[in-house]
Amino acid sequence: MMDASFCVGRPSWMADRRRMKTSSGFQWLLSSFVLLYVVNQVNSQKKGAPHDLTCTTSNLRMWDCSWKAPAGHGALYEVCVVNRFNSCYPSVKTSIKIPALSPGDHEVTINPLRDVRSSISKFVLNEENISFIPDAPEILNLSADFSTSTIHIKWNDKGSLFPHHSNVVWQFKILHKERMDIITLVTHNTTLNGKDTVHHWSWTSDLPLECATHSVRMRCYVDDPHFSGHKEWSNWTPPKNISWSPEPQPKALPLDRVLLVGSDITICCVTREKIVSALVGNKPYPLIHLEGENIAIKIHDISPSDSSGTNVVFVTETTNMCGTVFFAGYPPDIPQNLSCETHDLKEILCTWSPGRVTKLVGPRDTSYTLLESFSGKNATFKRAEDPQNGSYQLFFQIIPSQEIYNFTLHARNPLGQSESTVLLNITERVHPHTPTSFKVKDINSTAVTLSWHLSGNFAKSNLLCQIEINRSNSVQELLNVTVRGAENSSYLVEVGKLNPYTNYTFRIRCAGESFWKWSSWTTGERHLTIEAVPSKGPDTWREWSSDGKNLIIYWKPLPINEANGRILSYNVSYSSEEETQSLSEISDRQHKAELQLDRNDYIISVVAKNSVGSSPPSRIASMELPHDKLKTEQAVGIGNEIFLSWDYDPNMTCDYVIKWCNSSGPGPCLMDWKKVPSNSTEAVIESDQFRPGVRYSFFLYGCKNQGYQLLRSVIGYIEELAPVVAPNFTVEDTSSDSILVKWEDIPVEELRGFLRGYLFYFGKGERGTSKMRGLESGRSDVKIKNITDLNQKTLRIADLQGKTSYHLVLRAYTDGGIGPEKSMYVVTKENSVGLIIAILIPVAVAIMVGVVTSVLCYRKREWIKETFYPDIPNPENCKALQFQKSVCEGNSALKTLEMNPCTPNNVEVLESRSVVPKIEDTEIVSPVTEHPEESSEADAGNPVVVSYCPPIIEEGDEAGGASQVVYIDVQSMYQPQAKPEEEQESEPAGGSGYKPQMHLPVTSAVEEAPADDDLDKTAGYRPQANVNTWNLVSPDSPRSTDSNSELVSFGSPCSINSRQFLIPPKDEDSPKSSGGGWSFTNFFQNKPND
């Protein structure tokens, strides 16, 4: 709203707003507004003039206008609306109510009548400047439903006060009184219709109303589309409280509340004692303090409760308790699979599945109501202890003359409701009860009457019934019949085309003519039809006995469908051109007869009898026509059948007979036979008695001119199997390189198939070791022979090793597999030629190696000698120490070298000339004469000074020969000795120096001296003196070890640097040489005439 001074003081602004709503024809008003503005400004400056005019409205019918006036003035005012009839209104206050003005600008004047000093004030009013503020609503009634914590509010909208239909928004504020906390702020929309209307609104609190004092305030907002001014909310009503009387005892609220799973709930305890804890089940929850000592807890996302609910317990500090129970579940699901039908056209049965389990039981469980909309009738579901097959059912009585029904099933529980509908024609939903009193009665041997009872009102409709006929060992048969309906009546049906004397089982079920569902089957009723005359004669065959004197007649028992009753006996007769003769009746248990007949042509007849009569005769001729020699064929069946075929023969006028028997079993070969028409060329033989692995013989007979002729002979198996035994084989002959084995045939009953061959395995193996493994795996040490010639019964295995153990295995096989094995161990004979060859070959090789080695060594003897046995320098060829011969000859006693006493060591001689005896372990002594005889007799106690004699080789000296020697270290044996001064002066060398070899006598053991030429050519070492002058004394003899002996060691017959003895040691028992022996070194010496 705008005050008067503002409106008048700004005429240009008001003019602008006005020009937006008027046409260009009213532009002349602009100048008027300008003038009015100037006048208003002038008047407002006058002392004491009314100003600040504002106007509001609460119902759009009256405007409440007020203004301001100077203090102390204004007892009476006159308010006038310019250009309006009777538009002046007196007022003793500075406010006035005037009727609502029409849209547009209006000039209003306020004239103070009793104050001459005040001037008249002029204002411009427009609806756009008016504020629409409705009066605060009045709450007629505020009530509460404490069981549901719901607040109910009732008020009057006073719609008659408003000129137009308008939309109204009501706003409610719910508060807690003690702290004036706003719990919620909710709006509610209604419409004003020009009449006073009472409205109701409800609000449900999460917190039970008893837990805290609740206050309610409300206001409104009227949205009038015709009003162009400012629209505002009304003022709030004064708070209005919900009151109740608290109980002295603690109490938990709410009680037995039913909640939706997943929702939240606030539970409080109203008490005057202090609460210390709260438990939901066994779980503690935090406490929320309310007014006084009241306590609440908040439970979020509630889980489904047990059937007994969820317990909440509050405990006070004095151990008092208060508690409550709530139930959390689900609203009812939409009923599933709602279906309605009738069993008897008297009442309708509707069934459904409840769907999801609500988790609510007892009084909170779901209730169902079935409503039929056409008749308006309903039926309430009475809950049973347990639903049938998880579904519920409800009966509804059929209304006479009504066929169409529209059912709606309502499901309700405290959390919600749901519904499901079905529309049906009840005559098309007939599901009859199971027929009762079902009976079977004979009409004749091939027809019976069935009767049953069916309850229900089927007088106006027909029934479709189905009869099940079961015969022993036969496929069941279904027969559909339509019967005229009746009310609670029995029904009859005749069934024909049955077999006489046959067991049948009958069952029946029924349905409505407009098929909906079959009833259940009745219990099967067994019935045996009465007997009739046999329809055919027995199937016969004949065989001549082995001696050809008797004819044996065989026949098969008649099948039930041909016997037409119990066969009591058989009558057998035979006839020829001369006579006809019958045998006595044969009992039913015997199915053969033996006749003594000659080879003439007879016709044999067989007749079967039962209690009603005799069958037609079965005839067969006794004559057997001659046939050519037949070749036995082989056949293998498939499954449990064997297929036989033959060429068409127009001469066959009767029929073909195929006879088969177990040819591998003991006893007569008669098992079964089969007859086929004469125009057939093939037959399939099938029998439950066929067994795999059993050989059967099949014989095909053809009938012509009343005689039978054998056409084919076949042996076969239904299925070939592997043999059950191995062939029995023996070893017939064994040599050093071959084995001959022989085996026997396997019996037919153990062969179990057509023999295709033998598998013979052989390989090296010892008895007692493990058997051959993996014979078919291609082992290299096992050889296999596949023998496919079935007439062959022997096998020679060649190319074997002598005196070797072989493992032999023989197995037979058919197309059904390989049979077991039979094994044997055989050792081949020893091969003498091979043994001789095995001995001679190594000997010959050794001889050849020796010869080759000898030849090579002989040819390379010089190289071998130089490499392994080089020449030792001969001291005889040394010229350094030789003296003139005359010196030596002139004075034999001349002393050339004084020898110090020493203990000689052994001299080892390796070899010597054959003409010279071998000297071993010879003692060397100092000679006293030139002859060996004298030197051997010398006194050992006198030392001798031997004169040195140069090595002069004479012819007599050469008789001693030269020896080939090996040197042994004797340096340690020579010890320095004290010598006279003159000898020290005459010998510049030390005592350990070179000791020349003297011309000493040697004890000769030589028979003959070698020739000079041979001696010169000797390759061994030559002493530096004549060996005949040596005295050979054993080092171990008393002479050599005696300290008083005059004979001293001559020393080594070697060069100055030699430290080796020349004579090898020998046993003490052989002091003398036994002559020159053979030495390996002689082999490498150069010999003449080689």
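Buried means under 20% relative accessible area, exposed over 50%, and partly exposed in between, with a 1.4 Å probe and protein chains only. The model is predicted, and local features need pLDDT of at least 70. Residues are numbered from 1 along each chain as its sequence is written.

**View 1. Strand β25 and its two partners.** Of the nine residues of strand β25 (residues 321-329), seven are buried, so the strand is largely enclosed by the rest of the structure. Strands are DSSP runs (E, at least two residues), numbered from the N terminus, and two strands pair if DSSP finds at least two bridges between them. β18 (residues 257-260) pairs with β25 in the parallel sense over four bridges, and R257 has F326 as its bridge partner in β25.

**View 2. The hairpin of β24 and β25.** Four residues lie between the two strands of this hairpin. In the turn, T319 has a positive phi of about 65°.

**View 3. An open sheet of four strands.** The order is β12-β11-β14-β16, with antiparallel pairing. β12 (181-192) and β16 (240-241) stand at the edges with a single partner strand each, so one side of each has no neighbour in the sheet. Eleven bridges join β11 (residues 166-176) to β12 in the antiparallel sense, and the bridge partner of I174 in β12 is T184.

**View 4. The loop that holds D601.** D601 is in the loop between β45 (592-596) and β46 (603-609). At 35% relative accessibility, D601 counts as partly exposed.

Conventions. This is a predicted model: local features need pLDDT of at least 70, side-chain atom pairs count only at pLDDT 80 or more; totals for chains, interfaces and linings use all residues. Side-chain values use heavy atoms; hydrogens and water are left out.
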